[in-house]
Amino acid sequence: MQKATNPLRVFQTSCSKFAGALDVNFFIGGLGYKIDGWSYHRVSGDPFFRLYLPMQGEFDLLFPDGVYRIIPGKIYLIPAGIPFYYKSIAPATHYWLHFTSSYLRRLSSCSRPMEQELSTSENVRSSFRKILRMTKEPDTLERAFRIRRLLEDLLIPFFVNLEDRESAQEGKD
């Protein structure tokens with residue numbers, strides 16, 4: 001007699017485990033318009049992740065392990081807890097979202113900045129705008145889930161090869 005297979009176990013792949021453990025919590029967001037200096041940002045590691053979508057201009061993020069140039073045509077995921085400061089190159093307009101995730105903080109591959117090329121920034125910009133519009137709506141459970149879904153959609157391209165990155169990192173250790 002053959003044992004019954006638990007259907008939930010069959011579908012518990014590493015990807016579904018990752019998706020189930022992902023605890024993305026939106027914090028705040030905005031649009032920085034033609035910023036040419038960040039004198040207010042201290043050199044310390046903030047407890048939240050950042051997503052940047054630059055629209056024009058450019059700036060550098062100076063981390064202990066190097067300098068990361070932020071330019072239009074890409075979206076950037078900036079790690080939580082890593083000290084850095086900004087250096088203006090040209091007045092920059094960029095969308096930004098801050099969020100927390102205790103799960104992502106435990107992944108070594110999320111401890112350094114990541115970038116993704118954009119084939120078109122319009123869909124990504126639309127998602128940033130939708131999130132920012134929703135922050136003006138009353139705080140409801142539906143709104144919180146809608147914001148979370150949009151934020152997760154923005155993060156998916158960064159995690160497509162996350163398993164490979166984690167495996168490569170483990171091989172170096």
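The bend at a residue is taken as the angle between axes fitted to the seven residues ending there and the seven starting there. In this predicted model, helix H5 (141-159) has a kink of about 30° at Asp 153, shortly before the proline Pro 157. H5 has 19 residues and spans 26 Å from its first C-alpha to its last, close to the 27 Å expected at 1.5 Å a residue. Its buried residues are Arg 143, Ile 147, Leu 150, Leu 151, Leu 154, Leu 155, Phe 158 and Phe 159. An α-helix has 3.6 residues a turn, so residues three or four places apart point the same way.

The largest nonpolar core contains 30 residues, and those with the most contacts inside it are Leu 51, Ile 75, Leu 77, Phe 99, Leu 104, Phe 128 and Leu 155. At least two residues of this core come from each of strand E2 (49-63), strand E4 (74-78), strand E5 (85-100), helix H3 (102-105), H4 and H5. The largest share, seven residues, is supplied by H5. Leaving aside residues up to four places away in sequence, Leu 51 touches residues including Ile 75, Leu 77, Phe 99, Phe 128, Leu 151, Leu 154, Leu 155 and Phe 158. A second, separate core of 11 residues includes Phe 59, Phe 63, Tyr 76 and Trp 96. In soluble globular proteins, nonpolar side chains tend to be buried together.

The model has 10 salt bridges. Glu 58 pairs with Arg 69, with their closest N and O atoms 2.9 Å apart. This pair links distant parts of the chain, as Glu 58 lies in strand E2 and Arg 69 in strand E3 (residues 66-70), 11 residues apart. Arg 69 also forms a salt bridge with Asp 60, at 2.4 Å from N to O. Asp 60 counts as buried because its relative accessible area is 5%, under the 20% limit. Glu 58 is partly exposed at 23%, and Arg 69 is partly exposed at 40%.

A further salt bridge joins the side chains of Lys 74 and Glu 117 (3.5 Å, N to O). Here too distant parts of the chain are linked, with Lys 74 in strand E4 and Glu 117 in strand E6, 43 residues apart. Lys 74 is buried at 14% relative accessibility, whereas Glu 117 is exposed at 59%. Through shared partners, salt bridges join Glu 58, Asp 60 and Arg 69 into one network.

Ser 119 lies in the loop between strand E6 (114-117) and helix H4 (122-134). This serine is exposed, at 81% relative accessibility. The C-alpha atoms of Ser 119 and Lys 74 are separated by 8.7 Å, although the two residues are 45 residues apart along the chain.

Terms used. Residues numbered from 1 in each chain as written. Predicted model: local features only at pLDDT ≥ 70, side-chain atom pairs only at ≥ 80, totals over all residues. Heavy atoms only, no water. Helix = DSSP H or I, 4+ residues; strand = E, 2+ residues; numbered from the N terminus. Buried < 20%, exposed > 50% of the residue type's maximum accessible area, 1.4 Å probe, protein only. Core = buried A, V, L, I, M, F, W, Y, C linked by side-chain atoms within 4.5 Å. Contact = heavy atoms within 4.5 Å. Expected span 1.5 Å × (residues − 1). Salt bridge = Lys/Arg side-chain N within 4 Å of Asp/Glu carboxyl O.
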